[in-house]
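Subject: Handover of a structure and notes on it

Dear colleague,

I am passing the structure below to you, together with a short account of what was found in it. Please look through the model before reading the notes.

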Amino acid sequence: MFLITDYTQGTPCVSQFNDTKTAWDYIVGLTGDTGIADKVQAVIGQMQFGDEFACRPYIKVQCVEKYANLATCLTGAEKLDKDLRETIDAHNRMIETVENAGITCNLFRGMEVWHKIACEGAAITHAARSVGIDATVNMQSGKIYVSDKYLQFCAMRNAVGALEPPDGLTLAEVISSLEDQALDRDSMIDADDPDCIFHHDAAALRAAAKMLRGLEGRT
């Protein structure tokens, strides 16, 4: 199995592929250059488990065993994302502790403390947003908020990353099957019937494939 890290989008993301042909298609999609894809395919076709190959500034390829634990293979932006979200949680717990302690102090000293907490929250938020975490900070309390939409995306990404499809199918094979079924529905469409049910079937299958491909690309 190949793990391909895409460096073309600012924040790197990792996709997994089980064969060089699918990897070739993916690389063409990223770079728009079949020549680059041909050269990369020639190299990765000779790779063994544990080998890595970088085609700068586009991608990095890792060859790992099928169903390997992705957490042991991924570094960089993925680890930074995890570390920053843990930092955000720790920062917010600290604020809750101070608020619940009911400590009283000089008014101006208290304002100074909360100002420092808010500035720390802003700095953490800036770092989080630089790696794609959708976070905001309340400059009065210093508390950091991560959007529900981003947390839902992380949950889906983790679920897809842990997925081992039944009957030996990979996620890429499931997507390919959905796309093939969409083509089959296209061939059944009655051109004279604008309400033909196969229009809806094809659109639904392509939408499902697109959703899975988007999750796969961020895994």
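**Basis of the notes**

This is a predicted model, in which local features need pLDDT of at least 70 and side-chain atom pairs count only at pLDDT 80 or more, while totals for chains, interfaces and linings use all residues. Residues are numbered from 1 along each chain as its sequence is written, and side-chain values use heavy atoms, with hydrogens and water left out.

**The whole protein**

The protein contains 7 helices and 6 strands; helices are DSSP runs of H or I with at least four residues, strands are runs of E with at least two, and both are numbered from the N terminus. Starting at the N terminus, the order of elements is β-β-α-α-β-β-α-α-β-β-α-α-α.

Of the 219 residues, 31% are buried, where buried means under 20% relative accessible area, calculated with a 1.4 Å probe and protein chains only. Among contacts with a separation of 6 or more, 50% are between residues 24 or more positions apart, a contact being heavy atoms within 4.5 Å.

**The sheet**

An open sheet of 4 strands has the order β2-β1-β4-β3, with antiparallel pairing; two strands pair if DSSP finds at least two bridges between them. Its edge strands are β2 (13-17) and β3, each of which pairs on one side only. On average, neighbouring strands of this sheet are turned by 20° against each other, direction ignored.

Strand β1 (residues 2-6) is joined to β2 by 5 bridges and to β4 by another set of 5 bridges. Ile4 illustrates both pairings: its bridge partner in β2 is Ser15, and its bridge partner in β4 is Val61.

Strand β3 (residues 52-55) and strand β4 (residues 59-63) run antiparallel and are joined by 4 bridges. The two form a hairpin with 3 residues between them. In this pairing, Ala54 has Lys60 as its bridge partner, and Glu52 has Gln62.

Helix α1 lies across β1, β2 and β4, and runs at about 5° to β1. Helix α2 also packs on the sheet, where it touches β1, β3 and β4, and its direction makes about 165° with that of β3. Such angles run from 0 to 180 degrees between N-to-C directions, and axes are lines fitted to C-alpha atoms, for helices over the stretch in contact.

The axes of α1 (residues 20-31) and α2 (residues 34-44) come within 9 Å and cross at roughly 150°. Residues of α1 that meet α2 include Trp24, Ile27 and Val28, and those on the α2 side include Ile36, Val40 and Ile44. By class, this contact has 8 nonpolar, 4 polar and 2 charged residues; Ala, Val, Leu, Ile, Met, Phe, Trp, Tyr, Cys and Pro count as nonpolar, Asp, Glu, Lys and Arg as charged, and the others, Gly among them, as polar.

With kind regards

Conventions
Buried < 20%, exposed > 50% of the residue type's maximum accessible area, 1.4 Å probe, protein only.
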